[in-house]
Amino acid sequence: MPSTGYHDALNDALERMDDLGYERGQGVDLASHGPMGAEALAALGHEDDVARWVGRYRNALDHHAPPTARFPLDPADPSSWRPALGAFDRAGDWEALFARELADSPWRDVLVRWWPRLLPGLFAGLTHGLIRTAHAVRGLHATGADATPLQLTELARGLAYWAARHTELPGVPHLHGTFALPSAVAALPRDPQDGGLTPGAVRQRLDALTDHPGYHESLGRLAPEHAPRLLGDMTLQFTDVYLGHPEVPPVPLIHGVTAPAAVRLVLPHLPYELYEPTLARLWQVHTAFLLAFTTDRRGEGTDAWRDEVPDLPPLADQAGRAAEHGDEHVIKFTEACLREYALRPDPRYRAAAHAAQQRIPRLDAGGAVGTVARRAV
């Protein structure tokens, strides 16, 4: 069971951020990470730092106004809610729908009902709909009977953001292939294209996925695997990808790790029949990440990262260093890497967390790193 400190820190943070919209930044649409970062910081055992961190985060960038509900969505009528998938101007309607659902049903029932409906749009907000939902789920599970209305509202908002930014990638992935994950990644042809990692170039690559040689073949290449094991393979593979690409802006590829780590938090609350389609969609998202943000394999699968991280900090210090650093991605990434490292003690998890702390400026420096890459999606 969580400590009283976790429960109180989480709910205090949710109350302090209740007035924030789903996104932030002037002229850009960056997902708000406040509730996710606060929950991850509490999960790292730094409950006493959460309130101060929330203040720093709020001051880093202006948040957009919270969405307002306009036209009710009927959850029982697909002709009502399906057209609103991916319509960000309906975010308030989605939040109102999920608030009603959670008022009438246990939160696990709502999660299981909507998971397969939202799953095809997993790429939503660079997977932030999924990740925000997962942090809310962990909080609800951890606090159990002591969960508060604020926590239910946060789950409603995670699901609503996923629905409102719903982004379906081309093709239907499945786990009917013969390739283990490292081989499937190695077999994916990267395409050195003009434009580098400008917003236009990244957007163009995402829009052209269906024409990319090897994209559709990759969607059926991965072999089925025991779900917890494959999630671990995914997080480890993409810590390796993150370490192997110091030339890429330091935020986007983090989500190749935090997305499967988020699914691990939700998996125990889902029925078994949703495991395989969830993992297949994750592999599709990983394929999109690789084709959009990398143009070659660079240092993947090598020890080149040891030049950047010759000495790992003590394990006991890594959470504290993330808390001190303050950037929301560093906090969430460090928490995910340490959680995965506890299951499979591969040094790349800790090296990737340390590398992120070096590549991403501290929160007090402005908090806008990765804006160019993130605004493209």
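The legends below describe close-up views of side-chain surroundings, aromatic pairs and charges over rings in a predicted model.

View 1. A polar atom of the glutamine 284 side chain is placed 2.9 Å from the backbone oxygen of proline 170.

**View 2. The aromatic pair of tyrosine 242 and phenylalanine 333.** Across the whole structure, a search finds 12 aromatic pairs. In the pair shown here, the ring centres of tyrosine 242 and phenylalanine 333 are 5.2 Å apart and the ring planes meet at 55°, so the arrangement is classed as tilted. Because tyrosine 242 lies in helix α12 (residues 227-244) and phenylalanine 333 in helix α17 (residues 328-343), the pair ties together parts of the structure that are 91 residues apart in sequence. Tyrosine 242 is buried, with a relative accessible area of 2%, and phenylalanine 333 is likewise buried, with a value of 0%.

**View 3. The aromatic pair of phenylalanine 289 and phenylalanine 293.** These two rings form a tilted pair, with 6.4 Å from centre to centre and 45° between the planes. Both phenylalanine 289 and phenylalanine 293 lie in helix α14, where they are 4 residues apart, about one turn of the helix. Phenylalanine 289 counts as buried at 1% relative accessibility, and phenylalanine 293 also counts as buried at 1%.

**View 4. An aromatic cluster containing Trp81.** The cluster shown in this view is formed by Trp81, Trp94, Phe98 and Trp114, which together make up one aromatic cluster.

**View 5. Arginine 165 over phenylalanine 88, and arginine 350 over tyrosine 341.** Arginine 165 lies over the face of phenylalanine 88, at a distance of 3.9 Å from the ring centre. In the other arrangement, the charged end of arginine 350 sits over the ring of tyrosine 341, at 5.7 Å from the centre of that ring.

How values were computed: Residues are numbered from 1 along each chain as its sequence is written. This is a predicted model: local features need pLDDT of at least 70, side-chain atom pairs count only at pLDDT 80 or more; totals for chains, interfaces and linings use all residues. Side-chain values use heavy atoms; hydrogens and water are left out. A polar contact is a pair of N or O atoms within 3.5 Å; within protein, one must be able to donate a hydrogen and the other to accept it, and residues adjacent in sequence count only if both atoms are side-chain atoms. Rings of Phe, Tyr and Trp (its six-membered ring) pair if their centres lie within 6.5 Å; planes under 30 degrees apart count as stacked, over 60 as edge-to-face and the rest as tilted. Helices (H or I, at least four residues) and strands (E, at least two) are DSSP runs, numbered from the N terminus. Buried means under 20% relative accessible area, exposed over 50%, partly exposed in between (1.4 Å probe, protein chains only). A charge sits over a ring if NZ of Lys or CZ of Arg is within 6 Å of the ring centre and within 35 degrees of the ring normal.
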